[in-house]
Amino acid sequence: MKKVLAAALCGAVMFLLPGCGGERLPYAREMGDMALMRTMGVDTGEGGAEQLHVTVSSGRRARGLQGEAEPPLVLSAERESISGACLAMQGLSDSYVFYGHVDQLLLGEELSRRGILETLQYFSQDQELGMGTQVWIVRGGTAAEAISAEQERGVESRLSTIQTDSEMGMAGMTRTVGETLTSLMEDGSAYLPGLVPGGDGALLEAGYGVVKDGMLAGWLTGEQARGLELETRGGGAAVRVTAVSVSCVPEFSGERLTGLELACRLSLRAEESWGEPEPAELCAAAEEREAARISAALEQLKGWNADCLGLARRAGQTESARWNALRAQWPEVFPELEIQVTVQASLLAA
């Protein structure tokens, strides 16, 4: 699989495959004649396993000289490939359907369980798409349903809000096509954020889907999801985690890997006035809570034998002389590996 993924990454640079529209954008087109698509959803097709159902959505569009807003344009088609579906959608609109602005990708859960590599590779190699496209999995549903649920307001607006909130630390983590392909190539697994439609149709965060060997293995939710976030970028509750450093130290018996010490150092900042308890008690509570969260996430990942956190790679950086032995043993020992998690927190001055 690593050879396939490496080829996909190289293809992103070489631009070997044709564009989504099948040809370059005609220069004679005026901007008013184009439908600029922003979001693409990919599901398994109703016509069988060999079919893909592709849905695209534009942002809210200006109408007339006054620029009045009208609902997004949503198109869909089912073909054997994404490129075939994109070409078919050209005939569904009076405007030229342009895919060069697509930077949001939704994947249906059924498609994700069957495999997402083909879709990710297409984005990495297409002339009009790219590795910087943000990716989400629609938990328990289809991408087409998610796009339709937000059709009036525009799904791209909601996804942009989630992305902005994520960058500000106010929402869960997001991932790009490039980041996902790199994790799959280096670690054999990756995590992707999940979304579900809420009661009013607005898309809501729904934990993280763990992808192993290109296929969805399962979901991290609740405390497990918080543990993944903390180990990756930080999290928080009564106090906010402002910085995280993690060290992975492997333990060997001879050349046999027997355990792993995972040490996390957290810098905390109080969200509100402390009052009671004392700062030392806040740190102790944070250490206990976050260690439990990380351990819960690790236990589930071990059950799937999916190292989407790259622990083997990090441990190899600590014990570079034993990296070859560690890498060879990892798939066999990771599910049963004894991982000692320690968390040390310090509270920054207000």
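This report walks through a predicted model of one protein chain, from its overall make-up down to single residues.

## The chain as a whole

The protein chain has 11 helices and 15 strands. It holds 350 residues, of which 49% count as buried. What share of the contacts between residues at least 6 apart in sequence join residues at least 24 apart? The share is 68%.

## Strands side by side

β2 covers residues 52-58, and six of its seven residues are buried, so that the strand is mostly covered. On one hand, β2 pairs with strand β1 (residues 34-44): the two run antiparallel and are joined by seven bridges. To find this pairing in the structure, look for Asp-43, which stands opposite His-53 in β2. β2 also pairs with strand β5 (residues 74-79), again in the antiparallel sense, over six bridges. Here Ser-57 stands opposite Val-74 in β5.

Asp-213 sits in the loop between β11 and β12, and its relative accessible area of 43% makes it partly exposed.

Asn-305 also has a positive phi of about 50° without being a glycine. Its place is the loop between α9 and α10 (311-318). Asn-305 is partly exposed, with a relative accessible area of 22%.

## Two helices that cross

Now for the helices. Two packed helices are described by the angle between their axes and the distance between the axes. Helix α8 spans residues 222-232 and helix α9 spans residues 279-304; their axes come within 7 Å and cross at roughly 105°. An angle of 65 to 115 degrees counts as roughly perpendicular, and α8 and α9 are therefore roughly perpendicular to each other.

Which residues make this contact? From α8 come Glu-223, Gln-224, Arg-226, Gly-227, Leu-228, Leu-230 and Glu-231, and they meet Glu-290, Arg-293, Ile-294, Ala-296, Ala-297 and Gln-300 in α9. By kind, the residues of this contact divide into five nonpolar, three polar and five charged.

## A helix with a buried face

Leu-326, Gln-329, Trp-330 and Val-333 in α11 are buried. Seen down the axis of α11, these buried residues fall within an arc of 130°, so they line one face of the helix. On the other side of α11, Asn-324, Ala-328 and Glu-332 are exposed. An α-helix has 3.6 residues a turn, so residues three or four places apart point the same way.

| Pair | Separation in sequence | C-alpha to C-alpha distance |
|---|---|---|
| Leu-268 and Ala-345 | 77 residues | 6.8 Å |
| Cys-308 and Ser-189 | 119 residues | 4.8 Å |
| Leu-36 and Val-102 | 66 residues | 8.1 Å |

Where do the residues named first in each row sit? Leu-268 is found in strand β14 (residues 256-270). Leu-268 is buried, with a relative accessible area of 1%. Leu-36 belongs to strand β1, the strand that pairs with β2. Is Leu-36 buried or partly exposed? Leu-36 is partly exposed, since its relative accessible area is 26% and buried means under 20%.

Cys-308 lies in the loop between α9 and α10. Cys-308 counts as buried, at 4% relative accessibility. Which residues does Cys-308 touch, not counting residues up to four places away in sequence? They are Ser-189, Ala-190, Tyr-191, Val-210, Leu-228 and Leu-301. One of these, Leu-228, also takes part in the contact of α8 with α9.

Key
Residues numbered from 1 in each chain as written. Predicted model: local features only at pLDDT ≥ 70, side-chain atom pairs only at ≥ 80, totals over all residues. Heavy atoms only, no water. Axes fitted to C-alpha atoms, helices over the stretch in contact; angles between N-to-C directions. Helix = DSSP H or I, 4+ residues; strand = E, 2+ residues; numbered from the N terminus. Parallel < 35°, antiparallel > 145°, perpendicular 65-115°, else oblique. Contact = heavy atoms within 4.5 Å. Nonpolar A, V, L, I, M, F, W, Y, C, P; charged D, E, K, R; others polar. Buried < 20%, exposed > 50% of the residue type's maximum accessible area, 1.4 Å probe, protein only. Arc of directions from axis to C-beta. Pairing = 2+ DSSP bridges.
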